[in-house]
Amino acid sequence: MIQEALKSLRKGEMVLVFDADNRERETDMIVAAEHITPEHIKVMRNDAGGLICVPVSHENSEKLGIPYMTDVMNEASEAFPVLGKLSPYDIPYDEKSAFSITVNHRKTFTGITDNDRALTIRELADICRDGRHSEFGDLFRSPGHVTLLRATDGHVTRRKGHTEMSIALMEMAGLTGVAVCCEMMDDRTGNSLPTEDAMRYAREHDLIFMSGADLIESYREFRS
Ligand code: 5RP
Ligand code: ZN
Ligand code: CA
Ligand code: ZN
């Protein structure tokens, strides 16, 4: 299963990952940022429907210098006290939010179109792959329409979110440590898509579906 998933990711195909029954209980579509196309963004918008986000590995986050949004808000709370009051200490499914800043590539127009979002994401993967992290501020602007997520140091060994699981997949596949993920929603109910429906979607679209438990187990074996 994991080898099939890694093969798909290397080919630029999406895989579906359900986190866990004791967490968000969400299935995310995940694809490698270096292979993102406008078509992927369209599928994520229409068939997944959640928030399109970009997990960035801990190493790349450090080199880019991107902060957790919570840290930005705490720092800014002296000038804007409400930002301190908004502190997300009570997330019901995890200890810490992975949200970082939002960005657009400076070559985008509005930043939201499928073409613009794919451009922003691919260029971010490119500068990380090429070790051009120092060009980040010159090439991108913030706020933008692509939400970056910061993977925890230690990745899935420390936090078991889709952020860390996406990065674990990239690492195992030998891909750049930048990914794209989007939660699958249920158009009928407005809730998260039930797991059996996500599995059916995977079958119908010839995509790999994985549980977080299997992914984390594979990653442990990969690292040992
Ligand atoms: C951002 C989210 C998603 O759940 C995404 O999967 C990343 O979060 P996490 O790492 O907590 O699973 O909330 O849209
Ligand atoms: Zn979520
Ligand atoms: Ca839809
Ligand atoms: Zn998630």
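Trainee: Is the crossing of helices H2 and H6 left-handed or right-handed?

Mentor: In this predicted model, H2 and H6 cross in a right-handed manner. Helix H2 covers residues 38-48 and helix H6 covers residues 114-129.

Trainee: Why is H2 called roughly perpendicular to H6?

Mentor: The axes of the two helices come within 8 Å and cross at roughly 115°. Angles of 65 to 115 degrees count as roughly perpendicular, and therefore H2 is roughly perpendicular to H6.

Trainee: Which residues make the two helices meet?

Mentor: On the side of H2 they are Pro 38, Ile 41 and Lys 42, and these meet Asp 114, Asn 115, Arg 117 and Ala 118 of H6. By class, the contact holds three nonpolar, one polar and three charged residues.

Trainee: What makes H8 oblique to H10?

Mentor: H8 and helix H10, residues 212-223, pack with their axes 10 Å apart and at an angle of about 45°. An angle under 35 degrees would count as roughly parallel, and one of 65 to 115 as roughly perpendicular. The value lies between these ranges, so H8 is oblique to H10. The contact joins Met 165, Ala 168, Leu 169 and Met 172 of H8 to Gly 212, Leu 215, Ser 218, Tyr 219 and Phe 222 of H10. Seven of these residues are nonpolar, two are polar and none is charged. H8 passes H10 in a left-handed crossing.

Trainee: How do you know that H1 is roughly perpendicular to H8?

Mentor: The axes of helix H1, residues 2-10, and H8 cross at roughly 85° and come within 9 Å. That angle falls in the range of 65 to 115 degrees, so H1 is roughly perpendicular to H8. Ala 5, Leu 6, Leu 9 and Arg 10 of H1 touch Leu 169, Met 172 and Ala 173 of H8. Six of the residues in this contact are nonpolar, none is polar and one is charged.

Trainee: Why is His 155 counted as buried?

Mentor: His 155 has 25 C-beta neighbours inside 10 Å. A residue with 20 or more is buried, and therefore His 155 is placed in that class. His 155 belongs to the loop between E5 and H8, and its phi is near 50°, a positive value in a residue other than glycine.

Trainee: Why is Arg 25 called partly exposed?

Mentor: Arg 25 has 15 C-beta neighbours inside 10 Å. Exposed requires 12 or fewer and buried 20 or more, so Arg 25 counts as partly exposed. Arg 25 is found in the loop between strands E1 (15-18) and E2 (27-32), and it has a positive phi of about 55° although it is not a glycine.

Trainee: What makes Leu 207 partly exposed?

Mentor: The count for Leu 207 is 17 C-beta neighbours inside 10 Å. This number lies between 12 and 20, so Leu 207 is partly exposed. Leu 207 sits in the loop between helix H9 (195-204) and strand E7 (208-211). Not counting residues up to four places away in sequence, Leu 207 touches Glu 13, Met 14, Val 15, Leu 16 and Ala 202. Leu 207 and Ser 8 are 199 residues apart in sequence, yet their C-alpha atoms are 8.1 Å apart in space.

Trainee: Where is the cis peptide bond that has an omega of about 5°?

Mentor: That bond joins Ser 142 and Pro 143. Pro 143 lies in strand E5, residues 140-150.

Terms used. Residues are numbered from 1 along each chain as its sequence is written. Chains are lettered from A and ligands numbered from 1 in the order in which they are written. This is a predicted model: local features need pLDDT of at least 70, side-chain atom pairs count only at pLDDT 80 or more; totals for chains, interfaces and linings use all residues. Axes are lines fitted to C-alpha atoms, for helices over the stretch in contact, and angles run from 0 to 180 degrees between N-to-C directions. Helices (H or I, at least four residues) and strands (E, at least two) are DSSP runs, numbered from the N terminus. Angles under 35 degrees count as roughly parallel, over 145 as roughly antiparallel, 65 to 115 as roughly perpendicular and the rest as oblique. A crossing is left-handed if the near helix is turned anticlockwise from the far one by less than a right angle, and right-handed if clockwise. Two residues are in contact if their C-beta atoms, placed from the backbone, lie within 7 Å. Ala, Val, Leu, Ile, Met, Phe, Trp, Tyr, Cys and Pro count as nonpolar, Asp, Glu, Lys and Arg as charged, and the others, Gly among them, as polar.
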